[in-house]
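Hello,

Here is the structure I promised to pass on. Please open it first, then read my notes below.

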Amino acid sequence: MKKLILGVVVAAGLALAQAPYVGAHAGLFGGSGVNLFNGGLHAGVALQGGLEVRGGVDFSSVFGVLLPGVNADVLMNLSMPGSPVVPYVGLGGNLWLSPTGSFFGAHGTLGLKYPIAGAPLTAFLEVQPGYAFAGAGAFVYYLKVGANYGF
């Protein structure tokens, strides 16, 4: 039964999908006065109605230890008539893996996309304020600049 449900969800997702893409980013990850270099890879798909779903992996160096993370987002493209820039907002979650355990968090996303004329590339800039539910909890952020390659 689980395989049947998974198959239906995958088939529905593929039927609704309009524009898959892959991308990469570099930027900062921080909180509580600590700013760390961050980089990552992601894949996503545009759905009907301006929605996108995106999942990815990222890496930050924390005191010499590479901290990998997994994330997922639901994004909504907004409209700016007459402008090639596409603003977007979204919500998502994070799972960070470390030698001392796994931690999860939730974040919002505010971003801008700019399609590069004559190429299947879209540049983006986004900020993701969030909350990490680890220990006593902490407010965190990502600041990302990157590009998506559309298929």
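A strand here is a DSSP run of at least two residues marked E, numbered from the N terminus. Keep in mind that this is a predicted model.

With that in hand, take the second largest pocket. Strands S1, S3 (51–62) and S8 each give at least two residues to its lining. The space inside is about 260 Å³. The lining has 17 residues, and those closest to the centre are Ala 19, Tyr 21, Ala 46, Glu 52 and Thr 122. By class, the lining of the second largest pocket has 9 nonpolar, 6 polar and 2 charged residues.

Now the largest pocket. It holds about 450 Å³ of space. Its lining counts 21 residues; Phe 29, Leu 36, Val 62, Leu 67 and Val 140 are the closest to the centre. Which strands supply at least two residues each to this lining? They are S1 (19–31), S2 (34–46), S4 (65–77), S5 (86–98) and S8 (138–150). The lining of the largest pocket splits into 15 nonpolar and 6 polar residues, with no charged ones.

Is Asn 71 buried or exposed? Its relative accessible area is 10%, and the cut-off for buried is under 20%, so Asn 71 is buried. The side chain of Asn 71 makes a polar contact of 2.9 Å with the side chain of Asp 58. Beyond its neighbours within four places in sequence, Asn 71 also touches other residues, including Arg 54, Val 57, Gly 93 and Asn 94.

Best wishes

Technical notes:
Residues numbered from 1 in each chain as written. Predicted model: local features only at pLDDT ≥ 70, side-chain atom pairs only at ≥ 80, totals over all residues. Heavy atoms only, no water. 1 Å grid on protein atoms, 1.4 Å probe; cavity = no way out; pocket = protein on both sides within 12 Å on 5 of 7 lines; lining within 4 Å. Points joined across faces, edges and corners; volume = space filled by probe spheres on them. Helix = DSSP H or I, 4+ residues; strand = E, 2+ residues; numbered from the N terminus. Nonpolar A, V, L, I, M, F, W, Y, C, P; charged D, E, K, R; others polar. Buried < 20%, exposed > 50% of the residue type's maximum accessible area, 1.4 Å probe, protein only. Polar contact = N/O pair within 3.5 Å; in protein donor to acceptor, adjacent residues only side chain to side chain. Contact = heavy atoms within 4.5 Å.
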